[in-house]
Amino acid sequence: MSKDDYVLYCPKCNGEKRPDWVIGTRSYSAQRLDVPYFACGGCRLICIDRTVLRQAISSWRRDGLVSKNTPSHKQLYKEMLDVVNKVVDMYCQTAGYKRCRFRKANS
Ligand SMILES: [Zn+2]
């Protein structure tokens, strides 16, 4: 699955949204790790999709972006969730965004 395959829909305007990315580089990776979240600027809604986050982490391993010394998927997930949560909190506090769940299919 490539980055371009991650698509969710804003629950308010039904707009097709591709992720924005936070840089989640860690000591065990020389590469930059992009951590996905979804935002709709028009509706001021923002979403961390756990499934997409897990898929992104799996793809780092598959693509060799993280070394063999990397912590478990669970640990990595926890750390990256932390990273992206901070960014989303910042958006909510400073730009009036609200957290909500974006939809998988446009219906
Ligand atoms: Zn929207």
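Author: Let us start with a definition: a residue is buried if 20 or more other C-beta atoms lie within 10 Å of its own, exposed if 12 or fewer, and partly exposed in between, with C-beta atoms placed from the backbone. This is a predicted model, so local features need pLDDT of at least 70 and side-chain atom pairs count only at pLDDT 80 or more, while totals for chains, interfaces and linings use all residues. Residues are numbered from 1 along each chain as its sequence is written.

Reader: Thanks! Is His-73 buried, exposed or partly exposed?

Author: His-73 has 13 other C-beta atoms within 10 Å, so it is partly exposed. His-73 lies in helix α2. Helices here are DSSP runs of H or I with at least four residues, strands are runs of E with at least two, and both are numbered from the N terminus.

Reader: And which elements does the protein chain have, in what order?

Author: The protein chain has 2 helices and 6 strands. From the N terminus on, they run β-β-β-β-β-α-α-β. The radius of gyration is 14 Å, close to the 13 Å that the globule rule gives for 107 residues, so the chain is as compact as a globular protein of that length. That radius is taken over C-alpha atoms, and the globule rule is 2.2 Å times the number of residues to the power 0.38. Along its principal axes, the C-alpha trace spans about 40 × 30 × 20 Å.

Reader: How many of the residues count as buried?

Author: Of the 107 residues, 23% count as buried.

Reader: What share of the contacts comes from residues 24 or more positions apart?

Author: Two residues are in contact if their C-beta atoms, placed from the backbone, lie within 7 Å. Among contacts with a separation of 6 or more, 60% are accounted for by residues 24 or more positions apart.

Reader: Now the helices, please. How do α1 and α2 pack?

Author: Two packed helices are described by the angle between their axes and the distance between the axes. Here α1 is residues 50-62, and α2 is residues 73-95. They pack at an angle of about 120 degrees, with their axes 10 Å apart. Axes are lines fitted to C-alpha atoms, for helices over the stretch in contact, and angles run from 0 to 180 degrees between N-to-C directions.

Reader: What word describes how α1 and α2 lie to each other?

Author: They are therefore oblique to each other. Angles under 35 degrees count as roughly parallel, over 145 as roughly antiparallel, 65 to 115 as roughly perpendicular and the rest as oblique.

Reader: Which residues make the contact?

Author: From α1 come Leu-53, Arg-54 and Ile-57, and from α2 come His-73, Leu-76, Tyr-77, Met-80 and Leu-81. By class, the contact has 6 nonpolar residues, 1 polar and 1 charged. Ala, Val, Leu, Ile, Met, Phe, Trp, Tyr, Cys and Pro count as nonpolar, Asp, Glu, Lys and Arg as charged, and the others, Gly among them, as polar.

Reader: Let me look at Leu-53. Is it buried or exposed?

Author: Leu-53 is buried, because 20 other C-beta atoms lie within 10 Å. Not counting residues up to four places away in sequence, Leu-53 touches Val-35, Pro-36, Ile-48, Tyr-77, Met-80 and Leu-81. The C-alpha atoms of Leu-53 and Met-80 are separated by 8.3 Å, although the two are 27 residues apart along the chain.

Reader: Where is Ser-58, and how is it placed relative to Tyr-77?

Author: Ser-58 is in helix α1, and it is partly exposed, with 14 other C-beta atoms within 10 Å. Ser-58 and Tyr-77 are 19 residues apart in sequence and 9.8 Å apart in space, C-alpha to C-alpha. For His-73 and Ser-58, 15 residues apart along the chain, the C-alpha separation is 7.8 Å.

Reader: What about Pro-71 and Met-90?

Author: Those two are 19 residues apart along the chain, and their C-alpha atoms are separated by 27 Å. Pro-71 is in the loop between α1 and α2.

Reader: Finally, which residues have a positive phi?

Author: Most residues other than glycine have a negative phi. Asn-14 has a phi near 65 degrees, a positive value, and Arg-44 has a positive phi near 55 degrees. Asn-14 is in the loop between β1 (8-9) and β2 (16-17), while Arg-44 lies in the loop between β4 (34-40) and β5 (45-47).
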